[in-house]
Amino acid sequence: MWFAYFASILALATLANGFGQGAPQGACKDMTPGHGVPPQSTPAPYVITPSTKAVKAGTPMEVTISGKTASNTIRGLMLQARAGDKIVGTFKVDPNDPLAQPMKCDVQGDTVTHKLHDPKDDKQTVYFTWTPPADLNESIKFRATIVKTGSVFWVGVESALVKVTP
């Protein structure tokens with residue numbers, strides 16, 4: 001009896017906390033976290049800003065995610081560059097970054113996610129370096145899931161198009 005009670009409490013606590021150590025592999029395609037609640041249906045109070053509108057294939061560029069106000073901090077995230085529905089390119093993340101880490105959906109570093117961190121390390125703005133594949137010749141968008149709290153998050157936040165040319 002006590003075991004079942006304890007197991008139920010543990011399962012609920014896990015759902016309420018979400019994935020403190022980063023997005024699960026199963027979220028790679030739809031980018032929906034398993035937080036046990038639906039995403040917000042209101043417009044996201046965050047913007048994704050590429051450093052340029054055009055980049056040469058194989059050339060690194062910067063991408064920024066920012067909260068629109070100081071209260072719009074980032075507790076968790078999942079960020080990818082996509083050409084249509086295909087994940088493309090790789091991100092460079094500072095190994096000492098207290099909030100973010102690279103993850104593998106198709107190849108190592110093709111996605112950025114959060115890592116377990118102290119809430120004081122939540123940020124209003126984060127910066128990453130993305131490198132398109134050397135043979136890419138199409139437009140991409142950066143797409144993200146951004147988590148403010150375990151139960152408040154937005155899925156499918158997108159940047160403007162970036163043209164990648166050979």
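Let's start with β1 and β3: five bridges join these two strands, and they run antiparallel. A word on terms: two strands count as paired if DSSP finds at least two bridges between them, and helices (H or I, at least four residues) and strands (E, at least two) are DSSP runs numbered from the N terminus. Within this pairing, P50 stands opposite V63 in β3.

Before I go on, please keep in mind that this is a predicted model, where local features need pLDDT of at least 70 and side-chain atom pairs count only at pLDDT 80 or more, while totals for chains, interfaces and linings use all residues. Residues are numbered from 1 along each chain as its sequence is written, and side-chain values use heavy atoms, with hydrogens and water left out.

Back to β3. On to its pairing with β9, where six bridges join the two strands, again antiparallel. V63 turns up here too, standing opposite F128 in β9. Strand β3, residues 61-67, is mostly covered, with six of its seven residues buried. Buried here means under 20% relative accessible area, exposed means over 50%, and partly exposed is in between, with a 1.4 Å probe and protein chains only.

Next, β9 itself, residues 125-131: three bridges join β6 to this strand, and the two run antiparallel. In this pair, F91 stands opposite W130.

So what order do the strands of this open sheet take? The four strands go β1-β3-β9-β6, with antiparallel pairing. The edge strands are β1 (46-50) and β6 (90-92), each pairing on one side only. On average, neighbouring strands of this sheet are turned by 30° against each other, direction ignored; the axes are lines fitted to C-alpha atoms, for helices over the stretch in contact, and angles run from 0 to 180 degrees between N-to-C directions.

Zooming out for a moment, the protein chain comes to one helix and twelve strands. Of its 166 residues, 42% count as buried.

Now the cysteines. How many disulfides does a search of the whole structure find? There is one, where a disulfide is a pair of cysteine sulfur atoms within 2.5 Å. C28 and C105 form it, with their sulfur atoms 2.0 Å apart. The link is left-handed, with -80° about the S-S bond. C28 sits in the loop between α1 (2-17) and β1, and C105 in the loop between β7 (100-104) and β8 (108-114), so the pair ties together parts that are 77 residues apart in sequence. C28 counts as buried at 8% relative accessibility, and C105 is buried as well, at 11%.

A search of the whole structure finds one cavity of 30 Å³ or more, and about 70 Å³ of space lies in the largest cavity. For this, a cavity is a set of points on a 1 Å grid over the protein atoms alone where a 1.4 Å probe fits but cannot get out, and lining residues have an atom within 4 Å of a point. Twelve residues line the largest cavity, and the closest to its centre are A23, P33, H114, T145 and V147. The largest share of the lining, three residues, comes from β4.

Finally, S151, in the loop between β10 and β11 (152-158). S151 is partly exposed, with a relative accessible area of 42%. The C-alpha atoms of S151 and P39 are separated by 8.0 Å, while the two residues are 112 residues apart along the chain.

Technical notes. On a 1 Å grid over the protein atoms alone, a cavity is a set of points where a 1.4 Å probe fits but cannot get out, and a pocket is an open set with protein on both sides within 12 Å along at least five of seven lines; lining residues have an atom within 4 Å of a point. Grid points are joined across faces, edges and corners, and a volume is the space filled by probe spheres set on the points.
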